[in-house]
Amino acid sequence: MFEGQPKGLYALALANTGERFGYYTMLAIFTLFMQAKFGWTEAQAGQVYAIFLAVVYFAPLFGGMLADKIGYGKCVTIGMATMFLGYCGLAIPTAPDTAGKISMFAGLTCVSLGTGLFKGNLQVLVGNLYDDPQYSSRRDSAFSLFYMAINIGAMFAPSMARWITNQYLANYGFVYDAANQNPQYLEALYGAYGLCFGVACVSLIMSAVIYFACRNWFRHADVTAKQAKAAAAPVEELTPKQTKDRIIALLLVFAVVIFFWMAFHQNGSALTFFAKKYTNLTVSGPLRIGFNIFSLALIAASVYTGFSTFQSKLQKTRIYCGITTLLLWVGAIALFFGMANPTMAQPSDFQQFNPFFVVALTPFSMAFFGALANKGKEVSAPARIAWGMFVAALGFGVITLASVNLISPMDLGDNTQSILSPSWLISTYFTLTLAELLLSPMGISFVSKVAPPKYKGLMMGGWFVSTAIGNYLSSIPSMLWNRIPLMYNWGILIALCLISALVMFALLKKLKAMTA
């Protein structure tokens, strides 16, 4: 799994892990922060959330265009500095007035622009490592590992947000209560959320330290097509028709995945509102283990040591890995028994399940598709994307079943109907993660492989533009939250995913011919 990969992959992956940890700590509580501080409705908070995500993922288009001219590494560095300023702006305590809103929007702007310079270009650097024929066959597995590393940061983020929130509220004599609208409580709550933005500042510094300390490991990949040509380095030459066909193929893929991201990014809005309004946050029994991030981390680690137990070439290593796997499970179970029964969860906690499942399931995904490739039945990236759309529809089918007989938000108002088991949301996140593993890392790998050399940054930016459009459209369920029954809201997402899957399946032969 990890054998035969260049060192630069691990440096870039760890740098992204730190940045994503801060980003997702902030994102876990962002809509809740806006509701607590400014008293905004689900529709208002969801709209700002969607616009922010849209800009975050649209900005890499311009970041990629700039990087194709001045260099990927330069843009990554500028991006980290800009994001740091943005998180500092968000972390500064302000009153819930016009000045507070201006400060928040200024911070969000810097975070968005900085991410546009950082995110796509870091992934171009990863892709460039695999232009070397020595590593080219490992490109897909590399992006799976890179994607897994991103989600390690995302996995710990919601628990960090919850810990900070609980500690801060306790200083004022409060405990978290989704139904509490007391002004003193809300002031303490949004003050706690403000500290979560400070976490992003610290994690970004750690990311920068890793990036610059290990820069020699990937410096050779920080070369644009223009720079490579000037240095007389070999560059893939394409005819004008080949260039045009590849760009069209990528644009077709971008158009389809818009609807996946529209559906998938309900985790910070509609699915969080669902957790707040309908889910029983008093968790008892075996489900408690899912709300102890350290137990989840040990379980995820045990997957990798477990695979090494069977895959390692040395018997001594297999024995060590087997023993380590058992110890990791013992530790996870010990932490579970040390938890309070029942345990009180928060709506943002559910956002840790998606990254946990990504980290834990990545080895199974790599093993499954690796086995198919070894049998001569390799599944192409576009085909995986099509199947990912289909599985996403199944994921929202799960939450639709949970919504049967629930009072609609428009009738529920500010009240809660906290009757559903957390297992419904956990199952939804599990299914959506299966879809994500089929679609996201393979889509990024496909772009890095197919993009014409002189447009690598631009095309990677295009992938994020499709994500941006999907992120903005993700506000639709939030806007409809208090207007239509839950079943209809989820039904819209199911229909869009199914239609997109069918379109993608219909395009497979055409895409294969255009990228040959």
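Biologist: Which element gives the most to the lining of the largest cavity?

Modeller: This is a predicted model, in which local features need pLDDT of at least 70, side-chain atom pairs count only at pLDDT 80 or more, and totals for chains, interfaces and linings use all residues. Residues are numbered from 1 along each chain as its sequence is written, and side-chain values use heavy atoms, with hydrogens and water left out. A cavity is a set of points on a 1 Å grid over the protein atoms alone where a 1.4 Å probe fits but cannot get out, and its lining residues have an atom within 4 Å of a point. Among the helices (DSSP runs of H or I, at least four residues, numbered from the N terminus), the one that gives the most to this lining, with 6 residues, is α5.

Biologist: Which residues lie closest to the centre of the largest cavity?

Modeller: About 300 Å³ of space lies in this cavity, a volume being the space filled by probe spheres set on the grid points, which are joined across faces, edges and corners. The lining consists of 25 residues, and the closest to the centre are Tyr24, Tyr57, Tyr147, His265 and Glu436.

Biologist: Which element gives the most to the lining of the second largest cavity?

Modeller: The second largest cavity has a volume of about 50 Å³, and its lining includes Val124, Gly127, Arg139 and Lys456. The elements that give two or more residues to this lining are α4, α15 and α16. With 3 residues, the one that gives the most is α4.

Note on methods. On a 1 Å grid over the protein atoms alone, a cavity is a set of points where a 1.4 Å probe fits but cannot get out, and a pocket is an open set with protein on both sides within 12 Å along at least five of seven lines; lining residues have an atom within 4 Å of a point.
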